[in-house]
Structure formats: structure tokens, C-alpha cells
Amino acid sequence: YGLHDARSLQQADDICSALQLINFWQDLGVDGPRGRCYVPEEDRRRHAVTREQLAAREDSPRSRALVAALCDWAHGLMTRGAPLALRVPGRAGWELRLVVQGGLRILEKMRRMDHATLRLRPKLQPLDLPLLLWRALRMSPRAG
């Protein structure tokens, strides 16, 4: 799309990284029992949550604080990358706006469920579409 400058490439990396992290944090209750753990060891240690507790889907104030911190990390990446969607021309730009808003919406759902993703997997529903469209339309360079 003709955007090859360092800022655009960094923002694309931020969006892609945020989307992957959001997917990891959204799927903690699914991945843990399957032996997959994407939570950095340093973060687990900081919140006194073990890999075994994640695998066993042990929901606790510590695990929720861990997920909240991980979601903050993903949110920061997404909001830093979001302005790229306003510079990508045409349909691709609109699609990217919706992708950004979809990721932010999942983070919002995790926050509303008090980050209990070890127990419940938040997901987008058909009724989220009007909100995503509205938010994509109202995006500005300063806010995701």
C-alpha cells in the first residue's frame, strides 16, 4: 500500500503483535490444559502464578492481575499501532480499522469479565459488529 517508512512498519508490527497476544490471553483457559503456555516466565513470577496453575485453570486474584497486566501490554501495542489504519488507503484501511477495533473489543470484554479468561473465553458476537463499525468510523490518529 505504499507505506514502507519505519513508523508504518513499526505500527504494523505493533498491531500484529497485539493481535497475537490478545489471542493468547483470550485462550488461556483453552491453551493451558493442552500444555501450551505463552505467558512470559517473568510475568508469571511477578504475579506468583505458576505454569501448573495456568494449566489447571486456577482462577484467583493473582491470575486475574496477571491477565490484566498482559492485557495492558497488548492494549499499549494496539493503540500505538492503530494510527496506521488511517493511513492505509481504500478497503484495506477500513479492514485494518475493523481488525484493530476487534482486538480492542476483545480486550474490553476481558476487562468487563475481570480478566477471568482461565474460566471463560471472550469472543466477538454478531451484535458487536455495529459497535465495531461505529468505532472504526470514528477512529482518529490519537486514539485506537
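Author: Arg-64 is the spot, and it counts as buried at 18% relative accessibility (buried is under 20% relative accessible area, exposed is over 50%, and partly exposed is in between, with a 1.4 Å probe and protein chains only). Keep in mind that this is a predicted model, where local features need pLDDT of at least 70, side-chain atom pairs count only at pLDDT 80 or more, and totals for chains, interfaces and linings use all residues. Residues are numbered from 1 along each chain as its sequence is written, and side-chain values use heavy atoms, with hydrogens and water left out.

One is Asp-59, which makes a salt bridge to Arg-64 with the closest N and O atoms 2.6 Å apart (a salt bridge is a side-chain nitrogen of Lys or Arg within 4 Å of a carboxyl oxygen of Asp or Glu). Asp-59 itself is partly exposed at 27%. The other partner is Asp-114, which meets the side chain of Arg-64 at 2.9 Å, N to O. Arg-64 belongs to helix H5 and Asp-114 to the loop between H7 and H8, so this bridge ties together parts that are 50 residues apart in sequence (helices are DSSP runs of H or I with at least four residues, strands are E runs of at least two, and numbering goes from the N terminus).

H7 covers residues 90–112, and its 23 residues should span 33 Å at 1.5 Å a residue; the end C-alpha atoms sit 33 Å apart, which agrees (the expected span is 1.5 Å times one less than the number of residues).

Arg-57 has a positive phi of about 60 degrees without being a glycine, and at 37% it is partly exposed. You'll find Ala-48 in the loop between H3 and helix H4 (51–55), partly exposed with 42% relative accessible area.

Back to charges for a moment. The total comes to 15 salt bridges. One of them joins Arg-46 and Asp-43, with the closest N and O atoms 2.6 Å apart. These two are three residues apart in helix H3, so about one helical turn separates them, and Asp-43 is buried at 14%. There is a salt-bridge network as well, made of Arg-105, Glu-108, Lys-109, Arg-112, Asp-128 and Arg-135.

Three aromatic pairs turn up in a search of the whole structure. Phe-24 and Tyr-38 are stacked, because their centres are 3.9 Å apart and their planes are at 10 degrees (rings of Phe, Tyr and Trp, its six-membered ring, pair if the centres lie within 6.5 Å; planes under 30 degrees apart are stacked, over 60 edge-to-face, the rest tilted). This pair links distant parts of the chain, 14 residues apart: Phe-24 is in helix H1 (residues 6–26), and Tyr-38 is in the loop between helix H2 (28–31) and helix H3 (41–46). Phe-24 is buried at 17%, while Tyr-38 is partly exposed at 37%.

Trp-25 and Trp-73 make a tilted pair, 6.2 Å centre to centre with 40 degrees between the planes. With Trp-25 in helix H1 and Trp-73 in helix H5 (residues 61–81), that pair ties together parts 48 residues apart in sequence. Trp-25 is buried at 1%, whereas Trp-73 is partly exposed at 40%. Put together, Phe-24, Trp-25, Tyr-38 and Trp-73 form one aromatic cluster.

Trp-94 is in helix H7 and is partly exposed at 41%.
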